Amino acid sequence: MTAAPERLGLEGLELAGAVRPEDVLDAMRREAERHKALLGGDRTLVPNHYTVGLSAYDHRRWAPHAAQLAQELAIRQAALIAERAWIVYGDVSVEVFLGDDLDAGTFRVAALLQPDPPPPRPAPPPDAAVATLVSAEGQVWGLSAGLTVLGRDREAGVRLRDPGVSRRHLIVEVHPDRITLTDLGSHNGTRVNGHPVATVDLRPGDTIEVGGTALTLRLR
């Protein structure tokens with residue numbers, strides 16, 4: 001399958017001398033590549049929300065058409081994601097904002113997972129869980145089959161009140177035959193048994209380190 005044409009100019013829209021939508025789209029593609037994470041079953045998860053910061057000069061030029069440009073950028077990014085057989089949680093969206101520290105002709109793109117995979121659910125009681133995570137202090141969280149998000153977010157399945165933990169820090173995915181961990185591009189990263197990881201299969205007794213918190217995986 002060939003990629004969609006690169007031209008992004010809207011009919012009658014002149015952006016001469018400004019940041020080009022094509023350049024923003026290229027940056028969004030690079031951000032998706034940079035933040036992709038491998039899940040079980042050879043699936044690749046990429047961010048679904050992209051923010052585009054523009055200088056005051058470029059923001060004024062984009063302003064009359066910003067909503068339309070953002071929508072077209074989102075459509076093109078979604079097409080790229082589908083073409084590469086990547087997956088996202090939620091619709092692909094683009095938000096354009098004014099970046100006060102940017103010079104004319106420059107821009108900044110960031111990629112986020114928003115919302116997190118799939119709708120948050122509370123962790124099951126430990127006695128009803130497939131596996132558990134146990135903190136050094138003895139606190140226990142249950143893990144059921146499927147995905148569980150760990151982070152500071154109040155809706156995370158395993159919520160940690162640790163300032164070194166990102167709001168949506170990592171995913172633990174319980175399969176019938178294995179348990180995998182995937183870091184969600186967290187600020188401080190994730191370590192398993194002292195080693196930095198992006199994605200890894202977990203074994204009983206493994207220690208997950210996030211921020212200043214250590215959690216040990218136990219099977220029921």
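Ala-85 lies in the loop between H3 and strand E4 (93-98), where helices (H or I, at least four residues) and strands (E, at least two) are DSSP runs numbered from the N terminus. The model is predicted: local features need pLDDT of at least 70 and side-chain atom pairs pLDDT 80 or more, whereas totals for chains, interfaces and linings use all residues. Residues are numbered from 1 along each chain as its sequence is written, and side-chain values use heavy atoms, without hydrogens and water.

Most residues other than glycine have a negative phi. Buried means under 20% relative accessible area, exposed over 50%, and partly exposed in between (1.4 Å probe, protein chains only).

| Residue | Phi | Relative accessible area |
|---|---|---|
| Ala-85 | near 60° | 60%, exposed |
| Asn-193 | near 55° | 38%, partly exposed |

Asn-193 is found in the loop between strand E12 (190-192) and strand E13 (195-197).

Helix H1 (residues 21-35) packs against helix H3 (residues 66-83) at an angle of about 45°, their axes being 10 Å apart. Axes are lines fitted to C-alpha atoms, for helices over the stretch in contact, and angles run from 0 to 180 degrees between N-to-C directions. On the H1 side, the contact (heavy atoms within 4.5 Å) involves residues including Pro-21, Val-24 and Leu-25, and on the H3 side residues including Leu-69 and Leu-73.
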